[in-house]
Amino acid sequence: MSFSELKNVLSTALNSDVEFTYHDKLRHGELVDIGIGPHGAFFTIENDVDTKSFSVNKVSGLKISQSA
């Protein structure tokens, strides 16, 4: 999937809960930002613990739960 296709999907998912695997660890939180940085495409999630950005090319098993 290209970044432009992914951007369209993630743009509709902003402020929704997401879950995915990153470096063999399950991550989850609210999707708050997407973009392209010096290391490629990324998205940012926020949860009760912190706010972190993740490189899209290292993410697997992305699931989006639409907010009510």
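Thr 21 is found in strand β1, where strands (E, at least two residues) and helices (H or I, at least four) are DSSP runs numbered from the N terminus. The model is predicted, so local features need pLDDT of at least 70 and side-chain atom pairs count only at pLDDT 80 or more, while totals for chains, interfaces and linings use all residues. Residues are numbered from 1 along each chain as its sequence is written, and side-chain values use heavy atoms, with hydrogens and water left out. The chain has one helix and five strands, in the sequence order α-β-β-β-β-β.

**Overall form**

- The radius of gyration, taken over C-alpha atoms, is 11 Å, which agrees with the value near 11 Å for a compact globule of 68 residues; the globule rule is 2.2 Å times the number of residues to the power 0.38.
- Along the principal axes, the C-alpha atoms fill a box of roughly 25 × 25 × 20 Å.
- Of the 68 residues, 29% count as buried; buried means under 20% relative accessible area, exposed over 50%, and partly exposed in between, with a 1.4 Å probe and protein chains only.
- Among contacts (heavy atoms within 4.5 Å) between residues at least 6 apart in sequence, 40% join residues at least 24 apart.

**Thr 21 and Val 59**

- Thr 21 counts as partly exposed, with a relative accessibility of 28%.
- Apart from residues up to four places away in sequence, Thr 21 touches Leu 26, Lys 58, Val 59 and Ser 60.
- The C-alpha atoms of Thr 21 and Leu 62 are separated by 7.2 Å, although these residues are 41 apart along the chain.
- Val 59, with neighbours within four places set aside, is in contact with Phe 20, Thr 21, Tyr 22, Phe 43 and Phe 54.

**Nonpolar core**

- The largest nonpolar core has 14 residues; such a core is a set of buried Ala, Val, Leu, Ile, Met, Phe, Trp, Tyr and Cys residues joined through side-chain atoms within 4.5 Å.
- The residues with the most contacts inside this core are Leu 10, Phe 20, Leu 31, Phe 43, Ile 45, Phe 54 and Val 59.
- Two or more residues of this core come from each of α1 (3-13), β1 (17-22), β2 (25-37) and β3 (40-46).

**Aromatic pairs**

- The whole structure holds four aromatic pairs; rings of Phe, Tyr and Trp (its six-membered ring) pair if their centres lie within 6.5 Å, and planes under 30 degrees apart count as stacked, over 60 as edge-to-face and the rest as tilted.
- Phe 20 and Phe 43 form an edge-to-face pair, at 5.1 Å centre to centre and 85 degrees between the planes.
- This pair links distant parts of the chain, with Phe 20 in strand β1 and Phe 43 in strand β3, 23 residues apart.
- Phe 20 is buried at 0% relative accessible area, and Phe 43 is buried at 2%.
- Tyr 22 and Phe 54 also form an edge-to-face pair, because their ring centres are 4.8 Å apart and their planes stand at 75 degrees.
- This second pair links distant parts of the chain as well: Tyr 22 is in strand β1 and Phe 54 is in strand β4 (residues 51-55), 32 residues apart.
- Tyr 22 is buried, with a relative accessible area of 12%, and Phe 54 is buried, with 4%.
- Phe 20, Tyr 22, Phe 43 and Phe 54 form one aromatic cluster.

**Arg 27**

- Arg 27 lies in strand β2 and is buried without a salt bridge; a salt bridge is a side-chain nitrogen of Lys or Arg within 4 Å of a carboxyl oxygen of Asp or Glu.
- The nearest side chain of opposite charge to Arg 27 is that of Asp 50, 7.1 Å away; Lys and Arg count as positive and Asp and Glu as negative, while His and the chain ends are not counted.
- Beyond neighbours within four places in sequence, Arg 27 is in contact with Val 18, Glu 19, Phe 20, Tyr 22, Lys 52 and Phe 54.

**Loop between β1 and β2**

- Most residues other than glycine have a negative phi.
- His 23, in the loop between β1 and β2, has a positive phi of about 50 degrees although it is not a glycine.
- Asp 24, in the loop between β1 and β2, has a positive phi of about 65 degrees and is not a glycine either.
- His 23 counts as exposed at 54% relative accessibility, and Asp 24 counts as exposed at 79%.
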